[in-house]
There are 4 protein chains.
Amino acid sequence: MVRVSILGASGYTGRELLKILLRHSKAKIAHLTSETYSGKKVSQVHRALGGIIDEKFEDLNISKVAGDSDILFLALPHGKSQKPVAEFLEKGKKVIDFSADYRLNDSLIYKRWYGIEHSYPKLLEKAVYGLPEIHKKEIEKSSLVANPGCYPTGVILGVAPLLSHKLINGNSIIADAKSGVSGAGRKLDLAYHFSECHENLVPYSVGTHRHIPEIEQELSKISQKKITISFTPHLIPMDRGIICTIYASLKVKSSLDRIWGLYREYYREAPFVRILPQSSFPEVKDVVGTNFCEIGMVVDRRTNRIVVITAIDNLVKGASGQAVQNMNLLCGFPETEGLLY
Amino acid sequence: MVRVSILGASGYTGRELLKILLRHSKAKIAHLTSETYSGKKVSQVHRALGGIIDEKFEDLNISKVAGDSDILFLALPHGKSQKPVAEFLEKGKKVIDFSADYRLNDSLIYKRWYGIEHSYPKLLEKAVYGLPEIHKKEIEKSSLVANPGCYPTGVILGVAPLLSHKLINGNSIIADAKSGVSGAGRKLDLAYHFSECHENLVPYSVGTHRHIPEIEQELSKISQKKITISFTPHLIPMDRGIICTIYASLKVKSSLDRIWGLYREYYREAPFVRILPQSSFPEVKDVVGTNFCEIGMVVDRRTNRIVVITAIDNLVKGASGQAVQNMNLLCGFPETEGLLY
Amino acid sequence: MVRVSILGASGYTGRELLKILLRHSKAKIAHLTSETYSGKKVSQVHRALGGIIDEKFEDLNISKVAGDSDILFLALPHGKSQKPVAEFLEKGKKVIDFSADYRLNDSLIYKRWYGIEHSYPKLLEKAVYGLPEIHKKEIEKSSLVANPGCYPTGVILGVAPLLSHKLINGNSIIADAKSGVSGAGRKLDLAYHFSECHENLVPYSVGTHRHIPEIEQELSKISQKKITISFTPHLIPMDRGIICTIYASLKVKSSLDRIWGLYREYYREAPFVRILPQSSFPEVKDVVGTNFCEIGMVVDRRTNRIVVITAIDNLVKGASGQAVQNMNLLCGFPETEGLLY
Amino acid sequence: MVRVSILGASGYTGRELLKILLRHSKAKIAHLTSETYSGKKVSQVHRALGGIIDEKFEDLNISKVAGDSDILFLALPHGKSQKPVAEFLEKGKKVIDFSADYRLNDSLIYKRWYGIEHSYPKLLEKAVYGLPEIHKKEIEKSSLVANPGCYPTGVILGVAPLLSHKLINGNSIIADAKSGVSGAGRKLDLAYHFSECHENLVPYSVGTHRHIPEIEQELSKISQKKITISFTPHLIPMDRGIICTIYASLKVKSSLDRIWGLYREYYREAPFVRILPQSSFPEVKDVVGTNFCEIGMVVDRRTNRIVVITAIDNLVKGASGQAVQNMNLLCGFPETEGLLY
């Protein structure tokens, strides 16, 4: 049994994380912190947990939280995780950080895209990018896991096998992503007002989204050379789910059969990746509420491109489910504990 | 005053066409046919028109309809328009056809993509592709207008200026399209059942959608060489609207300023194209219920690609509004008659 | 041609009012004011009006606005209309006020429900409740029209014929109302955040909604005795539209035929009321975007109750369309001008 | 460990039942039948279960299914359960039936509302109405549980304490219900087409819905005299969830405090009923995906009515969750097994 605490537990990812931990047979909740709702009962904010959880949100007290916890989940805004992560590590705790603060290996790139100085550049070397399908071994040995962004999870899982087998031209990758509105979190903004989102579809941050350096970093590692991608996110009138439609030019003519086989092989030991039967495509509703990533693909002979489509739940495989998957690896639990029905 | 009739007036495009014609100061409805609802009052099927329109749907009687009409709108399924179009033309009538039957200039390509033999290949030469922003002159002189598909409208308007000015590599075009469910029409299919579409997002016909040859034909004409594109449509949980996100490689480095200026110039006389201010992107809700096509664009220096985004209402600019715009040109009416507030 | 100005034109009702006025053949827009967006182009806020309207929002200058206008539409928050209404009236202008400030005849009731003192109680006597189907004659002669609330429009039109013919027990009326989210306007509130409203249904202000005194006042006038009702509004995951389901006990056994006939008779000269055929019920989608109120009813012999169901678009018949209908009456224009297709 | 089979497992209730059973520590799936999808893999129909369940749907073979099962869940259409229920009972099996076939104690009332003769009227005496909060003791001893309809669950749980304590006039009950579209099941019908339901709200079966006799039967039992209610269902543009807004006249003046206390007391041992704090009202999103029924209430002094609002997930507490709760009682398992996080 590990004792876990969540910092910033009042958002949507906090809520999903709580739901998963309640199902987890080896985790026990110690503290739940929230700046906004400190002192309030968790069930007043996450009303669906009424009658199930009796805790209150607390202010953050690092020593107290560290003293009572083995694993820390930090669901804080970008920039706000840097310091507490460092402090928890110093106290010998294991940390899973939801923010971007420890995802980028290079503090200069972090500064360029997030506009914030990194105060703990040394720690970036210790951080492991928490995509278990790619970095399982490192995660198992790590004490600081940077939980990936939602879009990067969908894009990287979609193209990793292609780059690993050098099947595509790395700089031909175009990822067109579509996300439900919960990805924007619980913050107030007219852009996420029902009457603005509903019966609407909004492209945003075209070519400038902060998930780009994260995707490029990981794809470059896999292909062992620098990759630059086009990435366009869109806001879709649904609450949860992300579809990434990824286009790339095939270097050599390859049959769908062969490529499909390579995907199956690549993810043979990945319990949460479902390679769909050929000519099936992922749909959001088949992954919502689960930690699965579904992948489908088409080889388009007319253009000599491959189109790979992935689907995840942004709040689960794109955030809280992946975090628990990482915790399972950190702690030597079965990888799927708490994450299947 | 022209007398107009609609064949297949009981579908969603029929409903929108009726609404527009009711606002049109120079059109008078003669006949409305429907196989399924013949004999029923229009207002029983299109209930929103209760108290506004008193007509009944009729069975199709070509002679009778032709005798009472100057302009025919055919909103029939693919394959079903071939013959009535030929018959109306023979009687000297002007026809605006919503189906794909007269969109493709080459009957072999028609057969390959639609699986139907074309019985009137000669007529394909007389047909004009009814995208007024590109073919205004031909439309004005034509008697057979093939009203474009919804996706082709969004894609062609998005890339025409780029190809016309030879700014992009023609074979680098990738169009990722997202459509509301009304695009599927009123037919019964579990795929369009509320509980299947809602809170879902479904890619479909990846690389195989029938709008591909239509887009390629028109883009090839503009660029005067054969263009092959990648095209992926997605079903979005909204009723109306299409966003096309289009990627292409720039042949030469060009500034956004310059390209943006060329778009403004290209569409200078197009009353229904709105080139958005730089760094603004089209959203579905700004065009729904209108005949406008909004266009926004980004030049991505990192990848040397341009990303063009267009938005239309699939039932208006993507179908019935465009049909009325074509009628206005055919008849010498002001191009915007009936189509602005 | 009348010159009209809108105060508070940047909200959703302002947008709909603009759309209608653009279609209106006898109205010309003079000034559009907005506290929040003063100085901005209207088409930057109401982006759907891009290329159609070139005006800017201005700060409110009563003298200037009054000097250039014949009719004033005030779409200001409750409490904020009291003073400008008085000032415009003093300058001899005609005013149509969207707020509740002049709807209640009794300033004490106003204070009790809105918590604000009324500074112009004398003016309350001059104000006419702007429900044209009930008060057409008074509206035609008035210079101050209090445009009804959205829910009151749906409820009053639903039960007026029953009370007028003394068919029901006045104190048995229960109105269960369901509204789209646009009714909440454009203000920021977590309750109207997409992820909170979507795939949700929220009862609110149960028995305490501010539209209650307004409904009771009007129903009491019709029945010539004091009426007290139960009223429960619900927030529905749709943008526009209100369904009111109204229950009342029949005083005497009456057939549906007879009552249905009385409704038809009662609204014989009401161009925007559609009494549906027996056994048909109103649906939101048949009235959205229109100024119609649809009414259907059932006589339930088992319980000796009548159930009346009404549907309106909260932004049109429930706000801006009704305001234009009132303007038409004030100015002697045809009642439907600008309000049909 | 009990062996369970599901007849008619391919619908939405079948899918939810499967999900719950997969989490259940004491149930093992034996057979899954489906007329439509027999021979297909379950994961091809319920794609979200891909990689989790490997079974195929089979044709129904009563002997085989009975031989391998202890508990049978029948999710068949009304009328189709009569016979298999009888056959399973004869073979000594325990049955939980989702249809209405065994819900009504009186075969004449069944015939009047469902239009079908009941072939096993004797069995109606053995059937227990499976609302555990009311009939726990009988369910524990029964072998035939008639699983309640979704609306009746929401209405009965809402008014049972009031009738039990004789606080209201039984014939004053009006239940206005709002349901998500999944309540209509997976059958094809234009009424449930996305473009017809979305951004729409549809009242239906006003005063004639088949759940009325079921509600009246149970309320009459509780109050020990015949109760007649008004009931109006509405289709809401959401997938899951039901809100019932219930109005009744108080017999005597009672404070909210007192009544609220009686509700708490009444449901003291009901693990799935949440009585909300005073002045809180149930929302759909707080119960979706759970077996909870939330209840809130208001005492309206102005009208001397009480308004009770309940929320359930129609597919869980309104169908499959309740069925598993009944199974738990039948088998002596903890009542919440498989039904909490």
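Predicted model: local features only at pLDDT ≥ 70, side-chain atom pairs only at ≥ 80, totals over all residues.
View 1. The same surface serves both copies, since 100% of the contact residues of chain A recur in chain B.

**View 2. The contact between chain A and chain B.** Chain A contributes 34 residues to this contact, and chain B contributes 35 residues. On the side of chain A that touches chain B, the elements that give two or more residues are strands of chain A, namely E7 (174–179), E8 (202–203), E9 (230–235), E10 (242–249), E12 (293–300) and E13 (305–312). When the residues on this side of chain A are sorted by class, 16 are nonpolar, 9 are polar and 9 are charged.

**View 3. The contact between chain B and chain D.** Here 13 residues of chain B are in contact with 13 residues of chain D. Helix H9 (residues 194–197) of chain B supplies the largest share of the side of chain B that touches chain D, and this share amounts to 3 residues. The residues on that side of chain B comprise 7 nonpolar, 4 polar and 2 charged ones. Of the interface residues of chain B, 100% are also interface residues in chain D, so the copies meet through the same surface.

**View 4. The rotation that superposes chain B on chain D.** Chain B is superposed on chain D by a rotation of 180° with 0.0 Å of shift along its axis, and the RMSD is 0.0 Å. The two copies are thus related as by a two-fold rotation axis.

**View 5. The two domains of chain A and the contact between them.** Chain A is divided into domain 1, which covers residues 2–126, and domain 2, which covers residues 151–314. Taken over C-alpha atoms, the centres of domain 1 of chain A and domain 2 of chain A are separated by 27 Å. The contact takes 9 residues from domain 1 of chain A and 7 residues from domain 2 of chain A. On the side of domain 1 of chain A that touches domain 2 of chain A, the largest share, 3 residues, comes from helix H5 (residues 107–114) of chain A. By class, this side of domain 1 of chain A has 6 nonpolar residues, 2 polar residues and 1 charged residue.

**View 6. Helices H8 and H10 of chain A.** Helix H8 (residues 150–164) of chain A packs with helix H10 (residues 211–223) of chain A at an angle of about 20°, and their axes lie 10 Å apart. Because angles under 35 degrees count as roughly parallel, H8(A) is described as roughly parallel to H10(A). The crossing of H8(A) and H10(A) is right-handed. Residues of H8(A) including Tyr151(A), Val155(A), Val159(A) and Leu163(A) take part in the contact, and those of H10(A) include His211(A), Ile215(A), Leu219(A) and Ile222(A). The residues of the contact of H8(A) with H10(A) fall into 10 nonpolar, 3 polar and 2 charged.

**View 7. Helices H8 and H10 of chain D.** In chain D, helix H8 (residues 150–164) and helix H10 (residues 211–223) pack at an angle of about 20°, with 10 Å between their axes. H8(D) and H10(D) are therefore roughly parallel to each other, and their crossing is right-handed. Among the residues of H8(D) in this contact are Pro152(D), Ile156(D), Ala160(D) and Ser164(D), while Glu214(D), Glu218(D) and Ser223(D) are among those of H10(D). By class, the contact of H8(D) with H10(D) has 10 nonpolar, 3 polar and 2 charged residues.

**View 8. Helices H8 and H11 of chain B.** Helix H8 (residues 150–164) of chain B and helix H11 (residues 256–266) of chain B pack at an angle of about 110°, with their axes 10 Å apart. H8(B) and H11(B) are therefore roughly perpendicular to each other. In H8(B), the residues Ala160(B), Pro161(B) and Ser164(B) meet Leu262(B), Tyr263(B) and Tyr266(B) in H11(B). The contact of H8(B) with H11(B) is made up of 5 nonpolar residues and 1 polar residue, with no charged residue.

Terms used:
Residues numbered from 1 in each chain as written. Chains lettered and ligands numbered in written order. Least-squares fit on C-alpha atoms with pLDDT ≥ 70 in both. Helix = DSSP H or I, 4+ residues; strand = E, 2+ residues; numbered from the N terminus. Nonpolar A, V, L, I, M, F, W, Y, C, P; charged D, E, K, R; others polar. Axes fitted to C-alpha atoms, helices over the stretch in contact; angles between N-to-C directions. Parallel < 35°, antiparallel > 145°, perpendicular 65-115°, else oblique. Left-handed = near helix turned anticlockwise from the far one by under 90°. Domains from an automatic or database assignment.
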